[in-house]
Number of protein chains: 4
Amino acid sequence: MLKKTEETKVMRDPIHGYIHIDLQVVWDCVNAKEFQRLRRIHQLGGNFQVYHTAEHSRFSHSLGVYEIVRRIVTEVSGLRDQLSEYEKATVMLAGLLHDVGHGPFSHAFEAISPVPHEQYTVRVILEDTEINAILKAVDPHLPEQVASIITYSHPKDILNQIVSGQLDADRMDYLLRDAYFTGTSYGNFDLERILRTMRFVDDKIVMKESGIHTVEDYIMARYHMYWQVYFHPMTRSYESILTMAFKRMRTVYHTHPEILNCAPMFLPFLEKEMPSIHDHFKMDEPAALYGFTCLSECEDPILADLSSRLLNRRLFECVDIHSDEDLQSVIQQVSDAGYDPEYYVASDEAFQRPYKPYHSAEGHNIWVLTANGEVRELSEVSDIVQAIVCGQMKEDRKAFYPKDIQIKM
Amino acid sequence: MLKKTEETKVMRDPIHGYIHIDLQVVWDCVNAKEFQRLRRIHQLGGNFQVYHTAEHSRFSHSLGVYEIVRRIVTEVSGLRDQLSEYEKATVMLAGLLHDVGHGPFSHAFEAISPVPHEQYTVRVILEDTEINAILKAVDPHLPEQVASIITYSHPKDILNQIVSGQLDADRMDYLLRDAYFTGTSYGNFDLERILRTMRFVDDKIVMKESGIHTVEDYIMARYHMYWQVYFHPMTRSYESILTMAFKRMRTVYHTHPEILNCAPMFLPFLEKEMPSIHDHFKMDEPAALYGFTCLSECEDPILADLSSRLLNRRLFECVDIHSDEDLQSVIQQVSDAGYDPEYYVASDEAFQRPYKPYHSAEGHNIWVLTANGEVRELSEVSDIVQAIVCGQMKEDRKAFYPKDIQIKM
Amino acid sequence: MLKKTEETKVMRDPIHGYIHIDLQVVWDCVNAKEFQRLRRIHQLGGNFQVYHTAEHSRFSHSLGVYEIVRRIVTEVSGLRDQLSEYEKATVMLAGLLHDVGHGPFSHAFEAISPVPHEQYTVRVILEDTEINAILKAVDPHLPEQVASIITYSHPKDILNQIVSGQLDADRMDYLLRDAYFTGTSYGNFDLERILRTMRFVDDKIVMKESGIHTVEDYIMARYHMYWQVYFHPMTRSYESILTMAFKRMRTVYHTHPEILNCAPMFLPFLEKEMPSIHDHFKMDEPAALYGFTCLSECEDPILADLSSRLLNRRLFECVDIHSDEDLQSVIQQVSDAGYDPEYYVASDEAFQRPYKPYHSAEGHNIWVLTANGEVRELSEVSDIVQAIVCGQMKEDRKAFYPKDIQIKM
Amino acid sequence: MLKKTEETKVMRDPIHGYIHIDLQVVWDCVNAKEFQRLRRIHQLGGNFQVYHTAEHSRFSHSLGVYEIVRRIVTEVSGLRDQLSEYEKATVMLAGLLHDVGHGPFSHAFEAISPVPHEQYTVRVILEDTEINAILKAVDPHLPEQVASIITYSHPKDILNQIVSGQLDADRMDYLLRDAYFTGTSYGNFDLERILRTMRFVDDKIVMKESGIHTVEDYIMARYHMYWQVYFHPMTRSYESILTMAFKRMRTVYHTHPEILNCAPMFLPFLEKEMPSIHDHFKMDEPAALYGFTCLSECEDPILADLSSRLLNRRLFECVDIHSDEDLQSVIQQVSDAGYDPEYYVASDEAFQRPYKPYHSAEGHNIWVLTANGEVRELSEVSDIVQAIVCGQMKEDRKAFYPKDIQIKM
């Protein structure tokens, strides 16, 4: 039923050395058009505005997640003997396909799309697609099985945890990958050692105590990547312009729809409550970017300006905001300068705690297997993590506005 | 005249650590819209079909070339004192801007465009663009000066050599960068040591004999990158489909032009003898890819099929060709299978010699400064290079055709 | 007075790329026999018992410290213009020579030597040595100047801080170097960025706030290296055997001195209150190791056994100790097994807090220059460091004993 | 018979990530005192005189060779099913132990020792040692089996080839390891890909044609490492002083043996025709270096001077020699300067061809499995290697002499 490929397929990858594929169904999914489409979606929405080499796609990240899942289910002792071949294939496929529903510019696009990307991911797996056909040919239940892991609802909880927990394949791949492609060293941690000290105990992924330093390192890598890369002010500036452009598009659609004729790719997301899976397929980043190219010459001056800012990197400036009054003051000054603050002031709050145990949700904690055989939550065992858990949560609230205005606070 | 930036601007880069910019004119060019457009052109046309992480753009490569030029003119002893500040700025700008005229998919696009990309580069610098305005504001002659280096015709020959010779900033950046982003080790060589052993003697860049092993390593890196990456059969397969798609587009334009209405971005290149610099600006990779998305649903079945092959990676298969008869045989078999060989057979010959001294063109040789002060051509001094120069030139001729046909040779 | 070398001398180094030397006095010190002796002292006493590739010497570390000092005084803005050429040379020499008095196996040797290594360092610089002659030839006061930085008593406090503070050249080199040679990734941090964001303000080294994440990374690197490498139980096991061997040697010297005739290199350290600088010169690691080879066949069974354990890596086992009673219990059990606990039980406590501000000693804090120009202590600015400072201090107390005993606790 | 360890033992290694050991006999050999002694022998005799960080030992190299052998016999398809568990263990042990007979400073020591190191390796395996006991406990024939691979005489020829051929585990480890520890990039090649494209066909190790570029890279890495590292003039200078010191020692032994009483460790090698395995065990690098420390104060001025040159790095200068007359001229000038040329002129010829097929010795060629299933010798398939094979062999003949003499040629 689960056919092997003739010989193991390998794909060179700077993070993992090689991606190894020896299940035909995985190989077929990689070659399906919905998966190939991920080559046309950047992994990091606006980050390559800051780190100019962070131009990698969700295609390579998805292969990386698959590879880590594959290694977990074949290498982690205690686990490899617990899972059937079918379960292993299911969770590998879930790792591979978990991002297949992404639209352009990740989260910002959801300002225009009525449907979040997670829903599209499930639809690409369950509706009439090449991927669905490939999965169904192996087993009629396989699409639902794969989708249930992605929605964190598979009855065998360990499968959910492998793909999305606190120490999951998704996060481990993106931290390492984004560090490599930004050229920073912040996101590095010792994946080999994490895999070597992982165990499967009490239906949970646990880390042997001897690997705890590596996990501390991983927690810190995450913390640094968030603040240095993902929450970088210029990343957020680019994304705030995107959000504003989509917001303006919606307004224009209601007032002067004919203006949008030059950018037909956006229409299904404005017109329909539920754009089709085919609409979604066609809405990749080249479509959106070409749309902005056309809109940068359209008749609505605000939409034209915002579109051209995106293409030519005329980013918004930012200022720290400590209260709602601060924000009001920025709005007033932007308005005084002749800009419509509705589209020219964006406020955005970033916050992140490196790690926080969830007392209610077991699967979202990191568990440690101590030398004497107990399983304990990470922050109870690690002084460093304990210090961080008890510490203050870092917050950063900013307002974004056109650079030519001199904001006074 | 050559204003400094307030403080040195640095941009994180995995190849060079940081890109350092301290001339305002360079910084302004980086922020010009024609340069920002390079973010939307991949560095490697079809290579990311083989090496899935080779998704970097000409934007980051151009910054890298600039950085190497900057280091050459400020670090190479003998040279830094020979060039005026104006000449240094000119050659740095030439390095930065040398690829600014590229269209989508590099060479394949020239199947449709009546003008090669080098001409566009010069036009972007000399015609009415943001870049031209920035350069002219510094000095009315600066645009011509920069362009003359790019066309290898600056009267001070050393400036031409720095940007395009046998050991030039362009090639050194792309080998290192492409190696990093493909995740292969083939393209690595010791840039630090090359820069440390470079000298300027007799109006030429020369390498101290003590650095000769590093140059041998560079020659080999080049050889391996060509055969393992640039000439990879699947890269050439993708590019041959691109070429065929553009060829078909031109036919359709003459027979059923209305079919192309869904992809208006291609029209200027079909209609005009000399597309404008604005047409060129708008023709980036997102435009072309969105065009193929639309064409993949068009009424011409050949153009629709070729477009969808590009998007969904349904590449052509290939076979080695040793004679014109071999090629004829492939054409016949493809025709027998019901395909139009005009668009479904591509033949392509790749050849490369790792290094070849040009007896007529001094600037294109690599020169070595021997321990006793003589300047000699590399192959006279290096046994390895001598062996390679006398050896056979590697050739590889292939025909490409749809995978579902079983070609017999 | 401060002669330059004819051309810059460079030495290939995996941590810094190259070590650059362009002062003749530095080059002469490198070639002095007391500095060359450091090739015969391992950087990490017992660590290569755990990490088999950590076999690097204090010679390469000392060059690395010099290189970082050189970069700080020539690159840190605010500082390079504040120091005279003489002061720059002095602090570079202090960096180079700060470890020149080390004996074999670093700290363990002080169990036998009546004099700590810091004192020898000062004596090598001030007494009748090649190094002293080289320094004096430049300026009669140079030896005292260099020594005063090493003893943290130079009147210009910034010079002391550069060599030994919380973010000093010594520590930065050894963390990076030890990480490279152990093959772990724990000790990595971004030295380039630390140097780029260092400033000199208010007579202090400060870090620009934009570099704070790199400093947090450095603090964590330090923490991990301590627990994973420097305090590794098997490192401490080896060092406890060394300490015991030296202790036994002292006893044997008092009871049966003739037994030590086979290992004459140790005698000056047992006989004299103040061994000479020549005795010290000859006592390098080969001398000590050859001594143990001879002693492993001597007539005192305890000394012979301990010596052979060192050579053949028959390390002690260890157990966690939570109270003095625990230790007493181990001593009793070792004694019951027929071993003399005086030499066969070692107890050792390791503790380390990643970073702790000293309220009394300014120079030992890490200072941050905030965006609005204030200078504040690191833990006030960094949530992560604040969390760590308030957290518990990690402690680890162990007892070491021969492996063949089954200790019950 | 071949007991497994309780769990796989892993040792962190920068070249291989981890060394994996799961056979008890391998683990026991690692812990035998004759193997631990390799920690006290540098891998690169005099190279750390040039590359100051090349301070690694034969201990870590031997573990690396073992690891590559382990991977070859467990990963190379075609091979893993051909070898019995016993044969696999035998060849892994041969890889581990192939250098166990080395004396200090590798080849130079053979100037004093009447027996080459290969003979000692065999004796350590076959005579009364801890290693012999460990092997014999597994199977009485195991020592002979292991030794026969090391002497390239095992009847199953493939086992010999794995440890010492043209593409063997020994060479692959030392090139990668020496490159890492010198900090050069010359020796790098893609071990992963070599292992992935290795096959076992016709009783031979062959490389799939798709891996040929990696093999070319390996050949070049070898070439560069020889000329940049192993044959570096200052390496050869140090080794020529060593050779001279041993030569002088032999003379002094015959004329004034009492002078050598201060360095008793050398005596067995001067007195006996066949030093015992115990003499050999005790003669490690610390013994030799401590011997030179003592001899540097001895009464023979030549031996004292040469010894102190070794310790304090007062290396010989060198000059290129093109004929015997050149050499005679150097000898005359050194003699005129008052030095005894017998001990103060060393001549040395280095030559290396990157790869040369042996028509008579199959096992020493590199074989390629072409796409159509033929097995052909590498230089027939690779243009680059062909060019090198037909090219001239690089030679370098030098004379070494004290630096204070101005030699005129």
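Which residue stands opposite D:Met207 in S7(D)?

The model is predicted, and local features are reported only at pLDDT of at least 70, side-chain atom pairs only at pLDDT 80 or more, whereas totals for chains, interfaces and linings use all residues. Residues are numbered from 1 along each chain as its sequence is written, while chains are lettered from A and ligands numbered from 1 in the order in which they are written.

**View 1. The four-stranded sheet of chain D.** Helices (H or I, at least four residues) and strands (E, at least two) are DSSP runs numbered from the N terminus, and two strands count as paired if DSSP finds at least two bridges between them. In chain D, an open sheet of four strands runs in the order S3-S4-S7-S8 with mixed pairing, and its edges are strand S3 (198-201) and strand S8 (375-377), each of which pairs on one side only. From one strand to the next the twist averages 45°, where axes are lines fitted to C-alpha atoms (for helices over the stretch in contact) and angles run from 0 to 180 degrees between N-to-C directions. Strand S4 (residues 204-208) of chain D pairs with strand S7 (residues 367-369) of chain D in the parallel sense over three bridges, and it is D:Val368 in S7(D) that stands opposite D:Met207.

**View 2. An antiparallel pair in the sheet of chain B.** Four strands of chain B form an open sheet, ordered S3-S4-S7-S8 and mixed in its pairing, with strand S3 (198-201) and strand S8 (375-377) of chain B as the edge strands. Strand S7 (residues 367-369) of chain B and S8(B) pair in the antiparallel sense over three bridges, and B:Trp367 stands opposite B:Glu377 in S8(B).

**View 3. The axis relating chains A and C.** After least-squares superposition on the C-alpha atoms of residues with pLDDT of at least 70 in both copies, a rotation of 180° with 0.0 Å of shift along its axis places chain A on chain C with an RMSD of 0.0 Å, which is the relation of a two-fold axis. In chain A, the C-alpha nearest the axis belongs to A:Ala387, 2.4 Å from it.

**View 4. The side of chain B that touches chain A.** With contact defined by C-beta atoms, placed from the backbone, that lie within 7 Å, the contact takes 29 residues from chain B and 29 residues from chain A. On the side of chain B, the largest share, six residues, comes from H15(B).

Technical notes
Contact = placed C-beta atoms within 7 Å.
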